[in-house]
Amino acid sequence: MTEPAHPQPRFTVETAKVLAEVAHNRQKDKLKRPYREHVLAVGDALADFDDDIQIAGYLHDIAEDTPMTRQALLDMGVSERAADIIERVTKRLHENPDDYQAGIRYIAEDHDATLVKIADNAHNSLPERVKALAEKWPDKPPVTRYDEARPVLYAAVPVEETRKILARINPWLLDELDEMLDEADDTDYENLSYDDAGRTGDAGHTGEARGTAG
């Protein structure tokens, strides 16, 4: 008599967190800090979103920096959607891995991948990290690619979603986000009539909801 097959345990957010810790355990970042701290911070920053997005956050570098394959993730129970997000944010899988800004534009075509990349970008842009990198390599100009990527990423998702991520992982970027939104608002408030204000308020709300930036 054939024994009934046991259902595969569900791959949870907590499972992803543990896998991320194990997979990146021996790795260090440019400042010789444990790399697992970065991937855990990115996953934690996505706590306001669904399980697939959080799982992709914790595992966003697993295909970049470890031998883990898409099939291996699927076999472990990672959903197709989470695996798709992970693949899209994996630079070495891009058409031209050396073209950073093209990779950012490709990521920004997908809502879920954009959220993960916003969290990744925000953690890499923490003031103390930027300062430490500048002190370690004083002869090199500050890295600007993260700065240049943010307007593209922010424009691709609702602004309130971006705010939630930044509030958790890098609140210092919230002022920059508001400045981008102000620059994108070309309303002539001095010559605004009451009726125009009502229409502009609606349009402004829509524009802000989309996170349109310069």
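Analyst: What follows covers a pocket and some helix packing. This is a predicted model, where local features need pLDDT of at least 70, side-chain atom pairs count only at pLDDT 80 or more, and totals for chains, interfaces and linings use all residues. Residues are numbered from 1 along each chain as its sequence is written, and side-chain values use heavy atoms, leaving out hydrogens and water.

User: What is the volume of the largest pocket?

Analyst: On a 1 Å grid over the protein atoms alone, a pocket is an open set of points where a 1.4 Å probe fits, with protein on both sides within 12 Å along at least five of seven lines. Points are joined across faces, edges and corners, and the volume is the space filled by probe spheres set on them. For the largest pocket it comes to about 640 Å³.

User: Which lining residues lie nearest the centre of the largest pocket?

Analyst: Lining residues have an atom within 4 Å of a point. The largest pocket has 30 of them. Nearest its centre lie Y35, D61, D120, N124 and Y146.

User: How many residues of that lining are charged?

Analyst: Ala, Val, Leu, Ile, Met, Phe, Trp, Tyr, Cys and Pro count as nonpolar, Asp, Glu, Lys and Arg as charged, and the others, Gly among them, as polar. The lining of the largest pocket has nine nonpolar and seven polar residues. The charged ones number 14.

User: Are helix 2 and helix 8 oblique or roughly antiparallel to each other?

Analyst: Helices are DSSP runs (H or I, at least four residues), numbered from the N terminus. Axes are lines fitted to C-alpha atoms over the stretch in contact, and angles run from 0 to 180 degrees between N-to-C directions. Under 35 degrees counts as roughly parallel, over 145 as roughly antiparallel, 65 to 115 as roughly perpendicular, and the rest as oblique. Helix 2 and helix 8 pack at about 130° with axes 9 Å apart, so they are oblique.

User: How are helix 2 and helix 11 oriented to each other?

Analyst: Helix 11 spans residues 159-169. Its axis and that of helix 2 are 8 Å apart, at an angle of about 135°. That angle makes the pair oblique.

User: Which residues of helix 11 make that contact?

Analyst: Contact means heavy atoms within 4.5 Å. Helix 2 brings A41, V42, D44 and A45. Helix 11 brings I165, R168 and I169.

User: How do helix 8 and helix 10 lie to each other?

Analyst: Their axes come within 10 Å. They cross at roughly 150°. Helix 8 and helix 10 are therefore roughly antiparallel.

How values were computed: Helices (H or I, at least four residues) and strands (E, at least two) are DSSP runs, numbered from the N terminus.
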